[in-house]
Amino acid sequence: MLEAANIRKKFGGLVAVDGVDLEIGNGEIVGLIGPNGAGKTTLFNTITGVLEPEQETEITFNGEDIVALGTHEIARAGLLRTFQIVRVFGEMSVFENAVAGALFGTEESISQEEAEDRAREALAFVGLEDKADMQAENLPIAQQKQLELARAVASEPDLVLLDEIASGLTPGEIEELSDTIRRLRDELGISVFWIEHIMDAIMGTADRIIVLKSGEKIAEGTPEEIRNDQVVTEAYLGAEDES
Amino acid sequence: MSDFLPGGRKLALVGLLFVLAPLPVMGSGYFVGVLSRTLLFALFAIALNIVFGHNDQLFLFMGGLGGIGAYTTALIADSVGVSAWLALPVAAVIAGLIGLSVSWISARRSFTVILISILTLNLQLVFSEAFIGARGLTGGSTGFPYELFTLSGIAEAAGVPTAVVIYYVILAFFLAAMVLYIWLINSKYGIAFEAIREDEMAAESIGIDVVRYKSIAGFIAGVIIAIAGTLLAREATYITPSIFTFLAVDVIALVVLIVGGIRQTYGPIVGAVIVEAIEAILGTYAANWRTAIFGALLILLFLYFRSGVIVKAQEFLEDRDVSLGGGNGGTAAVDTGGDG
Ligand SMILES: Nc1ncnc2c1ncn2[C@@H]1O[C@H](COP(=O)(O)OP(=O)(O)O)[C@@H](O)[C@H]1O
Ligand SMILES: [Mg+2]
């Protein structure tokens with residue numbers, strides 16, 4: 001589904017992402033972890049066309065080369081994302097947010113009625129159907145994050161990239177969210193690429209985990225393998241020493 | 001009608017009011033002129049509402065684009081020898097393409113609202129210079145009589161003053177622009193505009209082509225502004241560059257939009273009625289201070305009154321538990337948008 005080779009992104013002299021290869025298959029939930037400043041968000045931004053990667057970067061999605069595409073074209077191709085700092089349309093209602101997701105996120109053009117149906121389904125999927133008429137900015141943060149996910153789901157994507165969607169949530173909310181992410185794959189067939197700081201959430205949900213440090217991939221494996229990986233443990237300890 | 005056009009009944013009522021408005025003052029060229037100018041500035045403000053209110057692109061070359069519309073219409077009609085009714089759409093599309101280009105460049109380069117306003121203000125100055133300088137085409141600062149659209153013939157046949165016929169032509173364009181606005185804001189375009197205005201990056205991330213929608217807004221605004229400019233010259237029956245300056249058009253249109261209420265469906269017409277009333281009073285008592293007074297008014301409005309009279313009146317009535325009733329056409333998100 002998503003195949004990338006040698007993803008590189010520099011900010012002036014700083015190499016934020018340094019030659020990362022990755023592959024995300026159909027129906028997979030892949031975690032992306034790493035200390036603060038490792039380049040995780042930058043990696044998402046290069047994949048989704050928010051940032052232009054360096055020349056040598058190759059990224060294909062469903063067989064299509066997406067390196068040169070704009071963010072909106074990548075979204076329409078079925079690759080959606082959420083943001084580390086939540087970005088719902090605050091002045092719109094919850095329902096309008098989801099309708100916007102459904103209306104614009106597909107290559108075919110769909111009718112208003114069809115978009116509204118998809119929006120209702122997406123809100124029900126994350127459990128926000130009761131809040132449909134509320135103004136989005138009045139939702140608590142946890143629900144704004146669910147709405148951001150619903151807005152992506154409403155476009156019926158193939159793959160969603162989640163950027164620290166669990167941060168700031170209570171343990172109960174994280175449990176619920178992890179369950180929603182599993183259902184995303186099991187019920188809707190959507191693959192997930194998920195950056196997360198909260199280890200319990202991602203270790204219990206992901207099929208496979210990629211570890212990034214200083215822009216480089218330092219490990220990849222099942223949650224079990226990653227937990228026991230010497231290099232990863234050191235990377236995290238090192239990062240903690242610095243801070 | 002309401003199914004086809006949300007709030008269509010309300011628009012029909014407003015339309016009826018303006019159809020009847022000239023009847024008591026038909027004989028007075030002055031009052032008919034005031035009514036015409038009211039609708040013309042409502043028309044400019046509708047364009048500004050679309051491109052600035054809904055798209056954060058502050059076009060400060062409305063005078064210039066209006067002049068492009070008016071001069072181009074006259075030049076095409078004259079040089080090709082066709083009716084101004086055929087020349088006007090061509091001129092409007094030309095102005096639309098100028099608007100589109102400005103929006104396209106600004107969106108591609110992620111210009112802020114400040115940068116767009118500086119860019120367009122510069123273009124305004126260029127256009128103003130060109131209108132004066134291209135003497136051969138525009139008659140320079142002396143201008144030329146502007147009596148296109150064979151309206152005096154119609155007036156004669158109907159036995160009414162030409163100014164009254166001009167008024168009804170303006171009214172027809174105003175109502176058409178209102179229908180277009182209401183349809184636009186309640187369509188997919190309205191949702192895209194709102195998403196872009198709130199958060200461009202989030203809008204892009206869900207598949208909205210920000211550059212495309214901003215360019216469309218720029219095109220539509222350019223078309224409406226060119227039509228308004230052409231009718232402004234026709235209403236004056238004489239065209240000179242002084243009709244199309246920043247002070248004569250842009251400042252007034254901005255005041256109209258802000259007074260009425262940005263992103264309010266009826267903001268432009270409510271604002272235009274208020275501003276034209278003020279104009280009429282100033283014209284009688286303080287004509288020389290007109291520009292200074294409107295300039296000061298604009299500053300005050302931006303500082304203290306950005307939500308406009310419609311929102312203020314609604315708040316006032318809500319405080320007293322009275323409802324105005326009847327939505328005014330926009331989506332909820334649009335209608336509640338007030339202070340920036
Ligand atoms: N737009 C930017 N301009 C300059 N430097 C940036 C930018 N975005 C991120 N960085 C830098 O790139 C590195 C990686 O950042 P980021 O991808 O946000 O890390 P993570 O998401 O893993 O915490 C950091 O050193 C950060 O300061
Ligand atoms: Mg990050």
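1. A salt bridge here is a side-chain nitrogen of Lys or Arg within 4 Å of a carboxyl oxygen of Asp or Glu. By that rule, chain B and chain A share 2 salt bridges. One of them pairs the side chains of B:Arg197 and A:Glu91, at 2.9 Å from N to O. Keep in mind that this is a predicted model.

2. Polar contacts come next. Between chain B and chain A, 9 residue pairs are in polar contact, with both residues at pLDDT 80 or more. On the chain B side, the elements giving two or more residues to the contact with chain A are α9 (188–198), α10 (200–205) and α16 (332–336). Of these, α9(B) gives the most, with 7 residues. Sorted by class, the chain B side has 11 nonpolar, 4 polar and 7 charged residues.

3. Now the interface as a whole. Chain B puts in 22 residues and chain A 23 residues. The two chains bury about 2000 Å² between them, and 62% of that is on carbon and sulfur atoms. Within chain B, the residues losing the most area to chain A are B:Lys188, B:Ser205 and B:Ile206, which together account for 30% of what that side buries.

4. Last, packing in chain B. Buried residues make up 52% of its 340 residues. Among contacts between residues at least 6 apart in sequence, 78% join residues at least 24 apart.

Key
Residues numbered from 1 in each chain as written. Chains lettered and ligands numbered in written order. Predicted model: local features only at pLDDT ≥ 70, side-chain atom pairs only at ≥ 80, totals over all residues. Heavy atoms only, no water. Contact = heavy atoms within 4.5 Å. Buried area = accessible area lost by both parts, 1.4 Å probe. Polar contact = N/O pair within 3.5 Å; in protein donor to acceptor, adjacent residues only side chain to side chain. Helix = DSSP H or I, 4+ residues; strand = E, 2+ residues; numbered from the N terminus. Nonpolar A, V, L, I, M, F, W, Y, C, P; charged D, E, K, R; others polar. Buried < 20%, exposed > 50% of the residue type's maximum accessible area, 1.4 Å probe, protein only.
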